Structure formats: C-alpha cells, structure tokens
Amino acid sequence: MNNWGEALKISIFGESHGKAVGIVIDGIVPGFAPDMEEVGRELARRAPGQSGLTTSRREDDTVEIVSGLFEGRTTGAPLCCMIRNTNTRSSDYQRHLARPGHADYTAHIKYKGFSDYRGGGHFSGRLTAPLVFAGALAKQLLPGVNFKAKPELIGGVSPDDETILNAKAENDSVGGIISCVITGLPAGLGEPFFSSTESRLSSILFSVPAVKGVEFDNGFALAGMRGSESNKTNFGILGGITTGKPLNFRVAVKPTPSIGQEQNTIELTTGEPAKITISGRHDPCIVPRAVPVIEAAAAIGILDLWIAGKFPFIFD
C-alpha cells in the first residue's frame, strides 16, 4: 500500500507526467499555521533546472492546499497538497523498452502492463516534491530541532562539480553519499523494537528513490571496532531511543540510471533482448537535489515519533 507512518500517516499520489503530484498528511495537529514562504524555499532547494548539474526540466512547484487548512491554520482533518506538472515531454519515453536501473520492468510485471511509463510514472523522483512539502511542515512543527544534510562524497570522491560534469560529458552519471545531522532532539524519542528511531527513519529514507543504504552514527565502521572503542561513540540513539545528543546518519544514493550511452535491455511485450539509448532531460547526479529530500524524509520520520511519544508542540 502507498501509505507510510503510524501516528502521522502520509500517502503520496500522482505520476511524473500526469496532471499533478501530491500528498495527503493525516495526523497534523489542529491550529498550526504553516509558513508557506518557508515551504516555497524548501521546494526551491529541490527544484530542477537551476544549473548545468541538473536536468533542464523546470517546474514552478506551486503548492495548492486542497483540504485541511482553513483561515491559515490546520483544521485537524487530513491535509492534502497538490503540485501540478507543467513541463512534461512524454515523447522522450518508449513504452515497451525497459530502462536499465529503473522500475520499468518490475512495474510492468506487478501492474500487468498498465503502469504509466512516462518519466517513470509513480516511481519518478518527481514524487519527492510533495515529500519535501511534508518535510517542510514537519520542520516547522518540531520546536528547536534542526536538520542539516550535505553531500559527503560524489562518485567516490569529494563533492565537487567537476566529477559530475565529467560524467555528464561522457553521457554517464554518478551517485554519492549524503550525510545528515539532527540536533535539538530530546532524549526519549522512539519506541522499541519495531518503532525504534532507526526503524522509522530507515523506513522513510529507503522510500526516497535511489537511496540504497542507510547507516547511523559510525554505522558499518562499528563492526571493525572493539567494544572499548565503540563505547566512546557519541551515539544519538541507544536501544532505539534518542539520547539527546546529535543524531548522525548517512545515506548512499545510486547513480542516475538514465544515461545517454547505448545499453542492453529487453522488450517488455516479447521478453526479447534489445538495445536502448535514453534521451531526454536527466540529472547526471541527483545527490545535490536529494539533500533537501533527505532532510524532509528525516523530519517526517521524527515528527511521526514525536506525535507517537506525545511530545509537546509550540505554536505562536
């Protein structure tokens, strides 16, 4: 099912080349007055077409609140946001050729050939726009909690533009690692075992397209330490519960699968081998634009735990 959350429930809808994408958020407390200008700034951080490092597809990402907001404040009813698609180019996509690294094949199998293939349909990174909207609200609702993500590595080296531009010049792409630190968290957030802080955050972080790995604090490096060394780590989470110290995590983002080189694939209707060269507008690296998405996902995850733990909200 296309739903996430326990105390806070979200459902994303839409397709990349459909009329709109959007999100329904259930569980937002009544009386909250969102700062829509701040929401716009968060969406602008994710928006494409701002440099030669991103896809040239440009979208205004204007938010339409369909329900759940009255006279500037949340009503307690489900909050529904819609963002219209205004710059699609569906002719770039071929219905029967599966793009390597994309969900074209699995979507074709699962949905019996009826899924919207244009731009990746419901599997597109375009769906991260409403996720950023929800994350922007979550940030505003969490008093004193700050989320700061940044590219740590791109293409296995330091996060510089040259690595991305070199890949782009070769009709290729690169991935990377994004690190994030959450400060201002109270101690006591999280519910072991299955609603531990790591469980909830990992769940939503892995929902972001292209995220293939998540680690907390020293992560896999802990496996090579002795206990005397490991115990010196300033853990942000112990026993699935926040300690009150900064919470650090990293996510691995795979290279953009849409590249301009000829690749082997299959013809979906016949299953026969085929060749494909992907055209269109694509990011040579999605890491820079994924930074605000990772912050948003983390904020949504923390808000879910916040509501579940009955931590207080502060409104003006």
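Modeller: Accessible areas here come from the Shrake-Rupley method with a 1.4 Å probe. On that basis the protein chain has an accessible surface of about 15300 Å², and 54% of this belongs to carbon and sulfur atoms. The model is predicted.

Biologist: How do you know that the radius of gyration of the protein chain agrees with that of a compact globule?

Modeller: The rule is 2.2 Å times the number of residues to the power 0.38. For 316 residues this gives a value near 20 Å, and the protein chain has 20 Å, so the two agree. The C-alpha trace spans about 55 × 55 × 35 Å along its principal axes, and 47% of the residues count as buried.

Biologist: What does the chain consist of in secondary structure, and what share of its contacts joins residues at least 24 apart?

Modeller: The protein chain has 7 helices and 14 strands. Among contacts between residues at least 6 apart in sequence, 72% join residues at least 24 apart.

Biologist: How far apart are the mean positions of the positive and negative charges?

Modeller: There are 31 positive and 33 negative charges, and their mean positions are 2 Å apart.

Biologist: How do you know that the length of helix α3 agrees with its number of residues?

Modeller: The expected span is 1.5 Å times one less than the number of residues. Helix α3 covers residues 128-141, which is 14 residues, so it should span 20 Å; its end C-alpha atoms are 20 Å apart, and the values agree.

Biologist: Why is α3 called mostly covered?

Modeller: Buried means under 20% relative accessible area. In α3, 13 of the 14 residues are buried.

Biologist: What makes Arg 99 buried?

Modeller: The relative accessible area of Arg 99 is 8%, and the cut-off for buried is under 20%, so Arg 99 is buried. Arg 99 sits in the loop between β6 (79-84) and α2 (104-110). Beyond its neighbours within four places in sequence, its contacts are Tyr 93, Asp 104, Tyr 117, Gly 119, Gly 120, Ser 258, Thr 265, Ile 276 and Ile 278.

Biologist: Why is Ile 178 called buried?

Modeller: Ile 178 has a relative accessible area of 0%, and buried requires under 20%, so the term applies to Ile 178. Ile 178 lies in strand β8. Residues up to four places away aside, Ile 178 touches residues including Lys 150, Glu 152, Phe 249, Val 251 and Ile 294. From Ile 178 to Val 214 there are 36 residues in sequence and 9.7 Å in space, C-alpha to C-alpha.

Biologist: What makes Ala 252 partly exposed?

Modeller: Its relative accessibility is 30%. Ala 252 is part of strand β12. With neighbours within four places in sequence left aside, Ala 252 is in contact with Gly 176, Ala 210, Val 211, Lys 212 and Gly 213. Gly 175 is 77 residues from Ala 252 in sequence, but their C-alpha atoms are 7.8 Å apart.

Biologist: Why is Leu 305 called buried, and what does Leu 305 contact?

Modeller: Leu 305 belongs to helix α7 (residues 287-308). Leaving aside neighbours within four places in sequence, Leu 305 contacts Leu 189, Gly 190, Ser 195, Thr 197 and Arg 200. Leu 305 and Ser 195 are 110 residues apart in sequence, with 8.1 Å between their C-alpha atoms.

Biologist: Which residues of α5 are buried, and what do they pack against?

Modeller: Thr 197, Arg 200, Leu 201, Ser 202, Ile 204 and Leu 205 are the buried residues of α5. They pack against β1 (9-14), β9 (211-216), β10 (237-238), β11 (241-242), β12 (247-253) and α7.

Biologist: Why are Glu 71 and Lys 112 called exposed?

Modeller: Exposed means over 50% relative accessible area. Glu 71 has 70% relative accessibility, so Glu 71 counts as exposed; Lys 112 has 67%, so Lys 112 counts as exposed too. Glu 71 lies in the loop between β4 (69-70) and β5 (73-74), and Lys 112 in the loop between α2 and α3.

Biologist: What is phi at Glu 71 and at Lys 112?

Modeller: Most residues other than glycine have a negative phi. Phi of Glu 71 is positive, near 55°, and phi of Lys 112 is also positive, near 55°.

Terms used
Residues numbered from 1 in each chain as written. Predicted model: local features only at pLDDT ≥ 70, side-chain atom pairs only at ≥ 80, totals over all residues. Heavy atoms only, no water. Helix = DSSP H or I, 4+ residues; strand = E, 2+ residues; numbered from the N terminus. Buried < 20%, exposed > 50% of the residue type's maximum accessible area, 1.4 Å probe, protein only. Contact = heavy atoms within 4.5 Å. Lys, Arg positive; Asp, Glu negative; His and termini not counted. Charge placed at Lys NZ, Arg CZ, Asp CG, Glu CD.
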